[in-house]
Amino acid sequence: MIGTAGEPFGPKVIKLPPALIRTESNIDLNFMICIDFSPAFLLVDLPRENDQANSFPTPRVDVFASIHWIARVHWLIWIDQLKNAWEILGMLVVMMALIALPGCDNAKTPADNAAKTNVEGKKEADPTVPIGSPEQIKGSLAAKAILEESIAAYRKLTTYEDSGVLKLRVPLKDKPVEETEPMRIAYEAPNKLAVRALDLQSCWKSTTFESIFRAKDSSPFGNQRLVRPRPEKLDLTWLILDHLDATLDNPTTRTPIQLQMLFDENALSGFRNEKATLSLLSPEMFDSRRCERVRVVLDQLQWTLWIDAENRLLRKYVLPVELIDAFIPNLPPDLDRTKMEIAVELSDAKQGHKIEWTDWQLPEESESLLVRRFIQPPFALPPLLGQNIAPFDLKAADGTLLLDSAQRAKPITVMCWVGLDELSELFVKDVMEANRKLTESMPNNSFEIILVSKAPAQEMKDSLKKWNCDYPLAIDVDNLTEKVFKVPDKLSVIILDKKSTVQYVNEFGYLVVVPTLLRELFENVDPAARARLQAIDDQARYNSRLHRAIIERSQVKQQPPIEKFPFTFHETELVWNAPFTANVIAAAGEQYYAKLGAMESAPDVFASSESPKRMMTVLDDMGDLHTIDALGKTQRVSFIPVEKATEATRMNILPDPWDHERVAIVPEGLPRFWIVDTTNLDGREPTQATEYELEQDESPVAFVWTALGNKVSLTLATNQNRLLAYDPETKKLSVSESKGAIAIVPTLNANGECIDWNACDSFGKLTPIASLPSSLPPAKQLVDQLPFRPLPGNWTWGTGRDGPAMLAMADLVSGEAGTILRYQNTKLPSSTHPLNVRAEQCRILSSTKLKDGSFYWLSSAPRSVLHLQTNDSFYRDQLSFGKPVLGASLLPFEMNARMVVAIDNSVSCWNVKMPPSPIANTPPEPVSSEIQPSPNAGSETTGD
């Protein structure tokens, strides 16, 4: 978070329930919205960390829906790209427009300024027809019928194009406001689309859908060019989740309502339920077309839709007039609000014509960075933060010396810049309230507050007197505001510590963190140094996201390497570290289950100190196999001939997770594997691992220790369409045929027990493996076809709050690889988590059920970034050790977890403190259209 709220004064911090923040973008939601409920202020503080894995399978930006009723918004804080009021306004247009999306109907915040006039400035024949009267019911039914006809008309279109613009009109006497910005689209069924929505430009190409983002005075995503595989058919879910989500979350782009009408099967649902009151206004002409006008009143806010009387296309929609209060706060009270308007005009809307797509093409830019997702760079710290300020003087209105920075009377100085306007008055009142609270909790003479102004001295003194403020006032006649501090001359805040180090810089009058910050300074904490360290971590996270999103390998190599950075939400503490003299080349963490064949995690893995359990098995570049126990003790247990493994494309270590009596060493690309018996190792001289040869040119592609009844086997699928089952009792291999198997997948019962095993091919088809030894009858599969394209070998399973679940790495239609979670009692996946453009860099490493019932797993993508993921909580996270992760294990420990990680020269164990889950009792999210077969997987992958 940007800061921690202090005493409740002025702006109040509300942390929205993370369950409402649904997005698959990978930018940081590092912004806040300050909203005036008059007289109090409200500050919405969104989570900072929103990695691309932090995704929910729904396109609804419910965080906006949670606040879309709010009528007065003064400041948008901490988005350094937002340089003009249009961008603030655009965010509010999104907030208002999204009430028409499904999932937005539960917002209950009332507007403090209800719309009481016709926002179009026209007198209606009878604007106050009683609710429930025959006339009102008749008009409402007619309006609903027209709205339904319009939605149906859009769903039938084969081509559509308009010249839409967002318009704002405010008849101020001194300087009337008349602003326009593009909000236009072109569409040709089934999958050709172009969008021009303020700063966003998108257009289809032969096989892709691409976007660039160019703001008027900044480029928040730099030279990134978003490139996505173009689906066979467009829908709104795909557009938001896979393409436009990053630019929607960064509220400098708007979603044209035309996209809802064309692609959302439940378009304008907020206007079509019982909470909305619809009525039919008198027809009007727009763009030489006669339009039926449907008025919608929802929670006292009013929209008007202009619908073409002939073809039922939307020609214009007028948004609630309250939005203008956000764009131009403190409007004159005598302003005729009926003459104000904010609307989107869809001029020249046409259908069934040939579109000239050359007019919509994006410019070709040789320096473009091709990415699968927009990656927002971290917000830059103010240059002054943490710097020592050279001595300066501030003088009072009468010219006397007010502040000598080199000889200050109090150790902490808070400087607040004010002007003569109403916002400054509100700001001064907040400063006064902050001071009152601070004097109650801070020692006397520990800090001072000085107001600084560039306004005329006498006028500023008169204003402060009028505002009942007697704080010291410095008039900046030497222009220190620009020369030294480089801040705006209103609402800026700068805090100096006793060493004249700048500990806080804010240009928006944001005071909520000041009490906490001053207390820290009094206790000799250095918040600026902490912020600088955080900035280093944020830059490393940004680099990691770029590595995972960049499409061209050559461009990846040009990026800075991924440096070390910690988790954002989870506190970690090192328990032990076991160094290795030889380099580790492969490793695997242990899984512990409550009983044989069941995947319920054993709760007491770390309980015994007399006979500590094995936590990790590693293979070094000398061919030696080592185990590491729960206390960090290492033991060399076996070895393999190095010359027989040097040409492997990847070495895989597979500890038996069921009875922990053996370890398999499986090389990819070689016709062999090894088995090591790990029973009774204490005091035994290490012996060479037992080698099992395969046929010439045969190599394993999928492998797992299977358990049925009381029998454990190592099951392998090879590139020669063979299934091999190693029986530890007979130490022999049985062979059966399996065409194209790339994974071995269990069938789970309601208790999370493995009751059958299946070979899974590249199309997701499941075939039971009858040759495995079992004391149980074969189980009936819930499905025999997975609705996604799995990746070889990347499978695990576990039990969460919603029952047994399968977890796989799979190709997603976004062109990325990611994890897919499917609960055993459902036919379709429950959620997806995109991770990386390159599938070969993605691995599922471990999974476990914690004591609170939540199911967590560890993934790596790329190898140097470790992802802590879950579907039972909002808090998905990532960290980097700055080196490739070769193996990892996640296990329950007390009420939290322990993580054991192997890198190139050590194995370490970490306590991981889990934050409380905000959605512990939330049911699984509905499946999104992300869960579809990869385009190159063939039509057979549609499944059930």
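**Entry 1: a hairpin**

I began with strand 38 and strand 39, which form a hairpin with four residues between them. In the turn I noted Lys-731, whose phi is positive, about 60°. The model is a predicted one, and I keep that in mind for every entry.

Strand 38 covers residues 722-727 and strand 39 covers residues 732-737; they pair in the antiparallel sense over six bridges. For one of the pairs I took Arg-722, which stands opposite Glu-737 in strand 39.

Next I went to an open sheet of four strands, and I wrote down its order as 26-53-52-51. The pairing in this sheet is antiparallel. Which strands are at the edge? I found strand 26 (571-579) and strand 51 (887-893), each of which pairs on one side only. From one strand to the next, the twist averages 20°.

Strand 51 pairs with strand 52 (residues 896-902) in the antiparallel sense, over seven bridges. Within strand 52, I found Val-901 as the bridge partner of Ala-888. As a reminder to myself, strands of a sheet pair through backbone hydrogen bonds, either parallel or antiparallel.

**Entry 2: helix 8**

I turned to helix 8, which spans residues 457-466. Which of its residues are buried? I listed Met-460, Ser-463 and Leu-464. Looking down the axis of helix 8, I see its buried residues fall within an arc of 100°, so they line one face of the helix.

What covers these buried residues? The cover includes helix 7 (422-441), strand 22 (447-453) and strand 23 (473-475). On the face of helix 8 turned away from its buried side, I noted the exposed residues Lys-465 and Lys-466.

I also checked what comes just after helix 8. There Asn-468 takes a positive phi of about 60°.

**Entry 3: Gln-260**

My last stop was Gln-260, which I located in helix 5 (residues 257-263). Is Gln-260 buried or exposed? Its relative accessibility is 2%, and because buried means under 20%, Gln-260 counts as buried.

I then looked up how Gln-260 stands to Leu-236. The two residues are 24 residues apart in sequence, and their C-alpha atoms are 6.6 Å apart in space.

Key
Residues are numbered from 1 along each chain as its sequence is written. This is a predicted model: local features need pLDDT of at least 70, side-chain atom pairs count only at pLDDT 80 or more; totals for chains, interfaces and linings use all residues. Side-chain values use heavy atoms; hydrogens and water are left out. Buried means under 20% relative accessible area, exposed over 50%, partly exposed in between (1.4 Å probe, protein chains only). Helices (H or I, at least four residues) and strands (E, at least two) are DSSP runs, numbered from the N terminus. The arc is that of the directions from the helix axis to the C-beta atoms. Contact means heavy atoms within 4.5 Å. Two strands pair if DSSP finds at least two bridges between them. Axes are lines fitted to C-alpha atoms, for helices over the stretch in contact, and angles run from 0 to 180 degrees between N-to-C directions.
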